[in-house]
Amino acid sequence: MAHFLSKLINVAVPGTIDERAINKKRVLNPWQRNENHTLCLNSAKAIGCTVVNIGTQDLVEGRVCLSVPSLNAAV
């Protein structure tokens with residue numbers, strides 16, 4: 001999921017996330033997955049998305065509801 005979110009963030013604001021920083025192996029261990037999720041959350045904040053009460057565990061469990069208007073505001 002984090003790989004998709006990082007691609008989405010880079011489409012919104014190109015160059016936000018360096019592709020080399022993303023762990024892209026087929027099977028990631030929990031620490032690598034957490035790094036990817038943290039990278040996505042921090043990058044979303046950096047481009048101006050409002051991130052409230054969302055943590056890495058929420059991404060793992062699929063409990064995230066992204067706000068499209070906040071992503072549109074970043075573009």
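**A first walk through the model**

Analyst: This is a predicted model. The protein exposes about 5100 Å², and carbon and sulfur atoms supply 56% of that area.

User: How many helices and strands does the protein have?
Analyst: There are 4 helices and 0 strands. Along the sequence the pattern reads α-α-α-α.

User: And what share of the residues is buried?
Analyst: Buried residues make up 32% of the 75 residues in the protein.

User: What about contacts between residues 24 or more positions apart?
Analyst: Those account for 39% of the contacts with a separation of 6 or more.

User: Switching topic. Where does N23 lie?
Analyst: N23 is in the loop between α1 (2-12) and α2 (30-46).

User: Is N23 buried or exposed?
Analyst: N23 has a relative accessible area of 18%. The cut-off for buried is under 20%, so N23 counts as buried.

User: Which residues does N23 touch?
Analyst: Leaving aside residues up to four places away in sequence, N23 touches L28, Q32, E35 and N36.

User: OK, charges next. How many salt bridges are there?
Analyst: The count comes to 3 salt bridges. Side chains of opposite charge can pair when their charged atoms come close.

User: What does K7 pair with?
Analyst: K7 forms a salt bridge with E19, with the closest N and O atoms 3.7 Å apart. K7 lies in helix α1 and E19 in the loop between α1 and α2, so the pair ties together parts that are 12 residues apart in sequence.

User: How accessible are K7 and E19?
Analyst: K7 is partly exposed at 39% relative accessible area. E19 is also partly exposed, at 27%.

User: Which side chain meets K24 in a salt bridge?
Analyst: That of E19, at 3.3 Å from N to O. K24 counts as partly exposed, with 48% relative accessibility. Through shared partners, salt bridges join K7, E19 and K24 into one network.

User: And R20, what does it form a salt bridge with?
Analyst: R20 pairs with D18, and their closest N and O atoms are 2.6 Å apart. R20 is exposed, with a relative accessible area of 74%, whereas D18 is partly exposed at 38%.

Key
Residues are numbered from 1 along each chain as its sequence is written. This is a predicted model: local features need pLDDT of at least 70, side-chain atom pairs count only at pLDDT 80 or more; totals for chains, interfaces and linings use all residues. Side-chain values use heavy atoms; hydrogens and water are left out. Helices (H or I, at least four residues) and strands (E, at least two) are DSSP runs, numbered from the N terminus. Buried means under 20% relative accessible area, exposed over 50%, partly exposed in between (1.4 Å probe, protein chains only). Contact means heavy atoms within 4.5 Å. Accessible areas come from the Shrake-Rupley method with a 1.4 Å probe; for residues, only the protein chains shown count as cover. A salt bridge is a side-chain nitrogen of Lys or Arg within 4 Å of a carboxyl oxygen of Asp or Glu.
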